[in-house]
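Have a look at it first.

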Amino acid sequence: RRCGAGGSGPHSGSVNTLLDQRLESTVSRLVANRNVRPEDLATLVDPKAPSQGSGAAPMTMVEFVDYACPYSRAAFESVRELASERPGQVRLVIRDFPLEDIHPGATKASVGARCAQEQGKFWEYHDKLFLADQRSFVENDLFDIAREVGLDMSKFTECVGSGRAAVTVQADQVAGLRVGVE
């Protein structure tokens with residue numbers, strides 16, 4: 001896709017059929033990279049990255065997200081639903097890939113999500129970002145979302161200002177580029 005991209009690792013069995021059926025009606029099917037080698041997947045499944053589902057699941061989906069991207073937003077519900085419905089069979093790993101040049105504020109959104117992760121509220125923050133007006137994210141929006149999900153605002157402010165979450169977001173982008181995310 002033009003903004004953001006997703007990928008799925010090697011997979012087999014009935015989960016593969018389920019994935020194909022679920023993605024059939026979404027843009028994700030057009031961009032799912034089914035050619036990721038096991039060694040690529042091993043580098044993409046960062047143990048610090050937010051994930052849902054069992055690490056022993058037979059299928060791992062690694063999704064690179066840009067919270068301001070309409071394609072990432074279109075895939076959001078289908079991908080999360082699939083992972084939620086099959087926690088023993090599917091693991092979802094989220095990595096950041098904000099395209100700041102075409103989506104102003106996307107990097108700030110990713111940083112906010114990673115700071116929410118530090119407080120155990122990644123998924124709540126992630127979901128609110130996708131449900132928000134995605135034209136652009138300004139800092140006030142991100143702090144409003146942090147309040148809505150019940151984050152400790154002093155810790156959130158410190159995290160955003162420290163730059164450590166920005167380093168993680170940048171590392172995700174580099175990892176994505178290495179395996180062909182566009």
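What follows goes through the ring pairs and then turns to the arginine.

Keep in mind that this is a predicted model. A pair of aromatic rings is described by the distance of the centres and the angle of the planes. In this structure there are 6 aromatic pairs. Start with Tyr125 and Phe156: their ring centres sit 5.9 Å apart and the planes meet at 40°, so this pair is tilted. Tilted is what's left between the cut-offs, with stacked being under 30 degrees and edge-to-face over 60. The pair ties together distant parts of the chain, since Tyr125 belongs to helix H6 (residues 122–131) and Phe156 to helix H8 (residues 153–162), 31 residues apart. Tyr125 and Phe156 are both buried.

Phe156 also pairs with Phe143, and here the geometry reads another way: with centres 5.1 Å apart and planes at 85°, the pair is edge-to-face. Again distant parts of the chain are linked, with Phe143 in helix H7 (residues 139–148) and Phe156 in helix H8, 13 residues apart. Phe143 is buried, and so is Phe156.

Elsewhere in the list of rings, Tyr67, Phe76 and Phe130 make up one aromatic cluster.

Now for the arginine. Arg114 is part of helix H5 (residues 106–118). Is Arg114 buried or exposed? Its relative accessibility is 6%, and because buried means under 20%, Arg114 counts as buried. What is Arg114 in contact with, leaving aside its neighbours within four places in sequence? The contacts are Lys48, Ala49, Pro50, Ile94, Arg95, Asp96, Ala165, Thr168, Val169 and Asp172.

Note on methods:
Residues numbered from 1 in each chain as written. Predicted model: local features only at pLDDT ≥ 70, side-chain atom pairs only at ≥ 80, totals over all residues. Heavy atoms only, no water. Phe/Tyr/Trp six-rings, centres within 6.5 Å; stacked < 30°, edge-to-face > 60°. Helix = DSSP H or I, 4+ residues; strand = E, 2+ residues; numbered from the N terminus. Buried < 20%, exposed > 50% of the residue type's maximum accessible area, 1.4 Å probe, protein only. Contact = heavy atoms within 4.5 Å.
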